[in-house]
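Please open the model in your viewer and keep the selection tool at hand. The stops below take you from one selection to the next.

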Amino acid sequence: MRRAVVVVLVALLACAGLASASSLGVTSSGITSVSASHPCPGGATAVATNGTVTVTLPSAACDGLTVQLTTLTSAGGSVASGSATVTGTVAAVPVATTGATAAAATVAGWPLTVTYAAASLGPVSPANQATVLTDVTWDLVSNNPTQACFHGTVTTTSATPVEWALTIDLSVAPFNGVSHNTLQLAGVDGWRYRIGPNQPSPGFAQVEGTNNGGRRTIVAGQSYRVDVCDWSLPAGVDTPSAYTVTTAPSPTQWTTTKACLDTTVTGNGTSQFYVGWTAQIDLAPAVARLAEGGNVRDAWAYGETEWMVTRTQTGPTTFTLASTAPSTVAGTGTFTVTTCAVDF
């Protein structure tokens with residue numbers, strides 16, 4: 001009898017529990033839905049310089065996230081990998097770019113569709129897809145800006161021997177329109193190569209191996225060192241985007257009898273080659289300095305670098321200065337010329 005009573009009580013309690021549960025209200029706010037989507041969908045651009053790839057994302061939604069990037073060869077092989085944190089829409093990834101023609105990337109683990117712009121090799125570049133150019137350097141002669149030498153290593157990923165060539169664009173710095181006739185092959189292996197004029201078209205030249213020198217073809221695992229010099233380059237072309245001009249009173253010559261202004265041209269680092277420049281200057285402040293002592297300008301005087309520039313007077317106190325070959329600047333180099341108002 002007692003067992004029967006216990007069974008009945010348990011059954012009743014179970015039914016009561018079910019009834020209570022069935023009476024509970026369930027609202028939508030009590031249900032959590034989890035979904036995942038790309039934080040900044042869309043295509044990204046990747047612009048390579050030597051040692052860095054700047055990735056620009058389609059929006060700032062990925063600000064603070066990590067971009068992982070791998071540079072790739074034309075055959076799809078990995079060159080190197082690196083990572084960087086996105087600031088706004090940009091991540092500057094430190095990674096090797098030499099020999100890379102493409103890149104693969106993710107942001108916070110999500111894949112990015114990347115449009116890759118390979119690092120510029122300057123005026124010398126591979127002439128065909130089989131040719132790979134690496135280890136590019138230039139020798140510039142600081143006391144003679146009309147001389148320069150190119151150095152590079154030619155390799156290939158081809159498993160079978162292929163003909164290779166390098167194309168030289170003679171229209172750009174440092175050649176600035178020279179003829180192929182001024183180019184000279186240098187280095188211990190220079191005799192193994194030849195320079196082809198007007199290839200692939202006028203204004204260009206190509207360096208290729210010769211059969212007699214045993215360098216006409218190249219295969220994976222081989223590398224050729226190529227050195228090309230020009231000892232009679234024209235003066236650097238005026239390139240306003242590559243420099244800034246400042247004019248200020250000379251710290252050593254700013255008196256009421258001789259007041260000088262120093263004009264300094266400074267390269268901003270965007271050109272590794274020598275570039276020309278022009279500058280507009282006004283000597284009115286120097287004339288005013290003489291007037292502070294009750295003096296007037298009797299003559300203009302110039303500093304010791306005057307022979308390196310051309311000067312044209314454009315007004316009572318204004319001049320246009322322009323570089324000649326010795327006063328061109330490269331990289332972050334500087335050049336200063338001095339102009340003075342003098343009272344005798």
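A residue is called buried when its relative accessible area is under 20%, exposed when that area is over 50%, and partly exposed in between, using a 1.4 Å probe and protein chains only. The model is predicted, and local features need pLDDT of at least 70, side-chain atom pairs count only at pLDDT 80 or more, and totals for chains, interfaces and linings use all residues. Residues are numbered from 1 along each chain as its sequence is written, and side-chain values use heavy atoms, with hydrogens and water left out.

Begin by selecting Arg215, which counts as buried because its relative accessibility is 13%. Asp189 lies in the loop between β13 (183–186) and β14 (193–197), and Arg215 in the loop between β15 (204–209) and β16 (217–218), so the pair ties together parts that are 26 residues apart in sequence. The strands named here are DSSP runs (E, at least two residues), numbered from the N terminus.

Arg192 is partly exposed, with a relative accessible area of 22%.

Next, select Arg311 and Glu306, whose side chains meet in a salt bridge of 2.8 Å, N to O; Glu306 counts as buried at 17% relative accessibility. Then select Glu163, Arg194, Glu208 and Arg216, which are linked in a network of salt bridges. The count of salt bridges comes to 7.

Now move to Thr56, which is found in strand β2 (residues 52–56) and is partly exposed at 32% relative accessibility. Leaving aside residues up to four places away in sequence, Thr56 touches Ala44, Thr45, Thr89 and Val90, where a contact means heavy atoms within 4.5 Å. If you also select Val114, you can see that its C-alpha atom is separated from that of Thr56 by 9.4 Å, although the two residues are 58 apart along the chain.

For the last stop, select Val124, Trp138 and Phe150, which are among the residues that line the second largest cavity. Which strands each supply at least two residues of this lining? They are β10 (148–155) and β17 (224–230).

Definitions and conventions: Helix = DSSP H or I, 4+ residues; strand = E, 2+ residues; numbered from the N terminus. 1 Å grid on protein atoms, 1.4 Å probe; cavity = no way out; pocket = protein on both sides within 12 Å on 5 of 7 lines; lining within 4 Å. Salt bridge = Lys/Arg side-chain N within 4 Å of Asp/Glu carboxyl O.
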